[in-house]
Amino acid sequence: MFRIQVPTEKDKFELSELARMFAPADEFEFLTEEAADNHAGGEECSPLGQDPEPVYRISSADKNQMKRDLYEFLSAETGKELDWGILTGVRPGKLYNMLCEQYGQTEAERKLKDDYYLSEGKLALLRDVHRVQQTVLQDSRPNAIGVYVGIPFCPTRCLYCSFTSNKITKDASVKYLAALFDEISKVSDIMKNKGLFAESVYIGGGTPTSLDEEDFERLLLHVKNAFIRDGSSEFTKEFTVEAGRPDTITEAKLQMIKDSGAGRISINPQSMKQRTMELIGRSHTPQQIVEAFGLAKKAGIPIINADLIAGLPEEEPEDFADSLDKVIALEPQNITVHTLAVKRASRLIEESPGYNYNQGEKVRKMLQRGAESLREASYEPYYLYRQKQQTGNFENVGYALPGTASLYNIRIMEENQTILAMGAGAISKIYYASRTQKLNRIPNVSNYQIYIDRIDEMIQRKEEALND
Ligand code: SF4
């Protein structure tokens, strides 16, 4: 057990996040100055009464210096080094871009290395992502926003899922869509009144294709009529539909996607190993993934993304490499490599509480080999983010063949554009370019039944934030 003294209550939260990257939370106790003095008489590394374990004292008032002190202490104690250094935030790319703007690229990278302790590998990754993003983000209009529409249903619940996902039934989907269409129509009206247009539209979830064909078509038509613009300079550049689970994809649904004008879909194998699919609670086979890709190509969908996860239960680096090779052979334009995040709300954390720490080395090998294979196949990294409780504290990286990067994915990580999000559990972010506090987060309630009951309030909250 490490007992660590910090100046104030407020510092406990941020430093405990960094500490948790070295060892499980129950191996730490954070004390404020007052509490530690009661125990130890305020001496540095002094015994706690009868307790032989030391208090490590952090006294700097500077947040980053506190983190560096803690990092060095824990690194020496555990023998671990962290590729992301003292960075605990979910958007390292946003920090990289901000530092580049402020100091220039060379100085920004020096700071990240010396002040934040980033490894050379992560710096190179950020540099590559930054380069691709610069080309995609040109030509942005001030009245352009992103639009997200969420469908909180899936055929079954995956073992690691911590999202808003419910088993689909016809009754639930009909009631949910009625409320959602109301929200979509009113938000579309608000946007028109304010002169805003959707630069990108993303239908995600959950699994939107878990709706039956009739409901799925109604959804696509409603979204298209409300948000998709063409034929003017303010046109919608990107329309994406998640078709995540291969067992929910049919030829008819793909044709509906194509007819709606959506140019992108995401089919998410996560792994190509049959045993893993059973373990994570998916009811499809690798062969169904291959068939879904075949159908999507036949339907003429221009850009297909495939998600894979590194660190799934019982998988070795060879399993991950095999899955990636099989996915590359399907020739998707985008491949997103996630690192498994085992969150509190998932079944997996109940079954295996130490999972995040035990898998770190394996996942490192998976990601390294994955990055090499993807580069050899001409994919470039174009966006990345981290999640809390991510195995080995790594990251998720979106790769794309040149010219196919997703604008929506970049925007949502950059947080420099308003995103209006509709549906249960969807979080809108209103961006204010001229304010110090630039983002206002407006979450919809996660429970879809409560969302239906409180739909007027969900709409009103967004309208008020936009009027602000
Ligand atoms: S497909 Fe995604 S949202 Fe649905 S249960 Fe699995 S992880 Fe959760």
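How many residues does H6 have, and how far does H6 reach from its first C-alpha to its last? In this predicted model, H6 has 17 residues and reaches 25 Å, close to the 24 Å expected at 1.5 Å a residue.

**Helix H6**

- The buried residues of H6 are Lys122, Leu123, Leu125, Leu126, Asp128, Val129, His130, Val132 and Gln133.
- An α-helix has 3.6 residues a turn, so residues three or four places apart point the same way.
- Packing partners for the buried residues of H6 include the helices H4, helix H5 (105–114), helix H15 (360–376) and H16.

**The largest cavity**

- The count comes to one cavity of 30 Å³ or more, and the largest cavity has a volume of about 80 Å³.
- Among the residues lining the largest cavity are Leu126, Val129, His130 and Gln133, each of which is also listed as buried in H6.
- The lining of the largest cavity also includes Arg91, Gly93, Lys94, Asn97, Tyr383, Leu384, Met413 and Glu414.
- By class, the lining of the largest cavity has five nonpolar, four polar and three charged residues.

**The ligand shell**

- Around the ligand sit Cys154, Thr156, Arg157, Cys158, Tyr160, Cys161, Phe163, Ser165, Gly206, Thr207, Arg245 and Arg282.
- This shell divides into five nonpolar, four polar and three charged residues.

**Pro152**

- Pro152 is found in the loop between strand E5 (144–151) and strand E6 (153–154).
- Pro152 counts as buried because its relative accessible area is 1%, under the 20% cut-off.
- Leaving out residues up to four places away in sequence, Pro152 touches Thr164, Ser165, Asn166, Tyr176, Ala424 and Tyr448; Ser165 is also one of the residues around the ligand.
- Pro152 and Phe320 are 168 residues apart in sequence and 28 Å apart in space, C-alpha to C-alpha.

**Asp453**

- Asp453 lies in helix H17 (residues 448–453).
- Is Asp453 buried or exposed? Asp453 counts as exposed because its relative accessibility is 65%, over the 50% cut-off.
- Asp453 and Ala179 are 274 residues apart along the chain, with their C-alpha atoms separated by 8.5 Å.

Definitions and conventions
Residues numbered from 1 in each chain as written. Predicted model: local features only at pLDDT ≥ 70, side-chain atom pairs only at ≥ 80, totals over all residues. Heavy atoms only, no water. 1 Å grid on protein atoms, 1.4 Å probe; cavity = no way out; pocket = protein on both sides within 12 Å on 5 of 7 lines; lining within 4 Å. Points joined across faces, edges and corners; volume = space filled by probe spheres on them. Nonpolar A, V, L, I, M, F, W, Y, C, P; charged D, E, K, R; others polar. Helix = DSSP H or I, 4+ residues; strand = E, 2+ residues; numbered from the N terminus. Expected span 1.5 Å × (residues − 1). Buried < 20%, exposed > 50% of the residue type's maximum accessible area, 1.4 Å probe, protein only. Contact = heavy atoms within 4.5 Å. Near = heavy atom within 4 Å.
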